[in-house]
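Colleague: I'd like to learn how to read helix packing in a model. Could you walk me through it?

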Amino acid sequence: MFLLEVFFESDKEAISFCEHLFRYNKQIELHWKTDKEWGNHLQLDYQVSNGDTAEAIAKSMTDVFILHRLTSMINGIIETYYYYTNTDEIERIMDITHWIFSGDDDDSQIVRNNKDPSQLLQSLFTANIENTETIHFDSIVNFQLKVFKDQLIHYVGLAIDEIKREEDHQAFVDMLREYIAKREASYSTIHILQGNPFSFFKPNGKRFTKMEMRVLMQKEPLYIVGLDADELNLAPLIAMAPNKIKIYGDDPSEPKTLTVINVFQEKVEFEPYSRFPFPYYLKNN
């Protein structure tokens with residue numbers, strides 16, 4: 001019979017640990033008593049000491065940390081390392097950091113280089129529970145997670161960078177909205193086919209040539225709103241400032257399309273590719 005003593009100062013964390021441990025390993029016998037100095041004293045008895053047992057204990061501690069300590073650590077980093085004090089700003093940074101840490105979408109995985117930070121956390125708990133008979137959860141959290149905390153500091157920095165990028169983009173969009181609000185429309189309706197770059201069509205269905213678009217753009221001082229003459233998606237629309245824009249395609253969340261919708265707002269309609277009104281063009285290309 002093998003014996004391991006585990007101490008938790010927090011009742012909630014002790015209960016959470018037990019729940020997760022029994023989920024991972026039902027063979028461990030557990031005895032619980034209260035210790036005046038260390039809080040909750042858990043005695044774990046098990047027949048075989050192997051990697052599976054250590055993994056179950058480390059995974060349970062990882063779950064407890066993510067559930068009860070992660071938000072507090074992120075908050076401390078935002079305030080102590082990055083000196084934020086505004087509650088709304090802290091909350092926004094917190095939300096994006098959590099998304100970077102545990103998001104399962106492609107974007108969040110790219111931001112964290114396809115790494116799973118909870119695996120790093122688990123490996124640190126594993127290192128601290130191997131070859132020992134007594135574990136103090138609070139001691140590990142306070143003194144043995146520096147590598148993990150450094151990773152978290154990096155994630156908070158990435159979250160702040162992301163917010164700054166969003167703010168810069170929104171300022172750019174606001175400037176473009178103001179610019180086109182003062183312009184007279186050159187065309188009533190412009191039709192666009194999704195692609196890289198977009199394909200632009202006049203109200204009568206005739207496609208704009210690249211030369212026509214460049215002439216249109218040269219007439220407008222687009223440099224004052226930060227648009228390059230070689231940008232062939234948004235810049236032509238800013239130069240034309242149409243009353244209505246109809247975009248046809250299969251992906252309404254495509255980034256270039258979202259930017260156009262964000263700038264021109266209610267002037268934009270998105271339709272499926274099949275609703276493109278000039279099929280002759282499609283048949284001949």
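Modeller: Gladly, and keep in mind that this is a predicted model. Let's begin with a crossing: α4 passes α8 with right-handed sense. The two axes come within 8 Å and cross at roughly 120°.

Colleague: How are α4 and α8 oriented to each other?

Modeller: Angles over 145 degrees count as roughly antiparallel and 65 to 115 as roughly perpendicular. At roughly 120°, α4 and α8 are therefore oblique to each other.

Colleague: Which residues make the contact between α4 and α8?

Modeller: From α4 they are Arg92, Ile93, Ile96, Thr97, Ile100 and Phe101. The α8 side includes Phe148, Leu152, Tyr155, Val156 and Ile163, along with Glu162, Glu166 and Glu167. Sorted by class, the contact of α4 with α8 has 12 nonpolar, 1 polar and 4 charged residues.

Colleague: What do the buried residues of α6 pack against?

Modeller: They pack against α2 (51-68), α4 (87-102), β4 (134-136), α7 (137-143) and α8. Among the buried residues of α6 are Ser118, Gln122, Phe125, Thr126 and Ile129.

Colleague: How far does α6 reach from its first C-alpha to its last?

Modeller: Its 13 residues reach 19 Å, close to the 18 Å expected at 1.5 Å a residue. Just after α6, asparagine 131 takes a positive phi of about 55°.

Colleague: Now single residues. Is serine 60 buried or exposed?

Modeller: Under 20% relative accessible area counts as buried. Serine 60, in helix α2, has 0%, so serine 60 is buried. Leaving out residues up to four places away in sequence, serine 60 touches Phe17, His20, Leu21 and Tyr24.

Colleague: And what is the relative accessibility of aspartate 161?

Modeller: Aspartate 161, in helix α8, has 37% and counts as partly exposed. Aspartate 161 and tyrosine 187 lie 26 residues apart in sequence and 38 Å apart in space, C-alpha to C-alpha.

Key: Residues are numbered from 1 along each chain as its sequence is written. This is a predicted model: local features need pLDDT of at least 70, side-chain atom pairs count only at pLDDT 80 or more; totals for chains, interfaces and linings use all residues. Side-chain values use heavy atoms; hydrogens and water are left out. Helices (H or I, at least four residues) and strands (E, at least two) are DSSP runs, numbered from the N terminus. The expected span of a helix is 1.5 Å times one less than its number of residues. Buried means under 20% relative accessible area, exposed over 50%, partly exposed in between (1.4 Å probe, protein chains only). Contact means heavy atoms within 4.5 Å. Axes are lines fitted to C-alpha atoms, for helices over the stretch in contact, and angles run from 0 to 180 degrees between N-to-C directions. Angles under 35 degrees count as roughly parallel, over 145 as roughly antiparallel, 65 to 115 as roughly perpendicular and the rest as oblique. A crossing is left-handed if the near helix is turned anticlockwise from the far one by less than a right angle, and right-handed if clockwise. Ala, Val, Leu, Ile, Met, Phe, Trp, Tyr, Cys and Pro count as nonpolar, Asp, Glu, Lys and Arg as charged, and the others, Gly among them, as polar.
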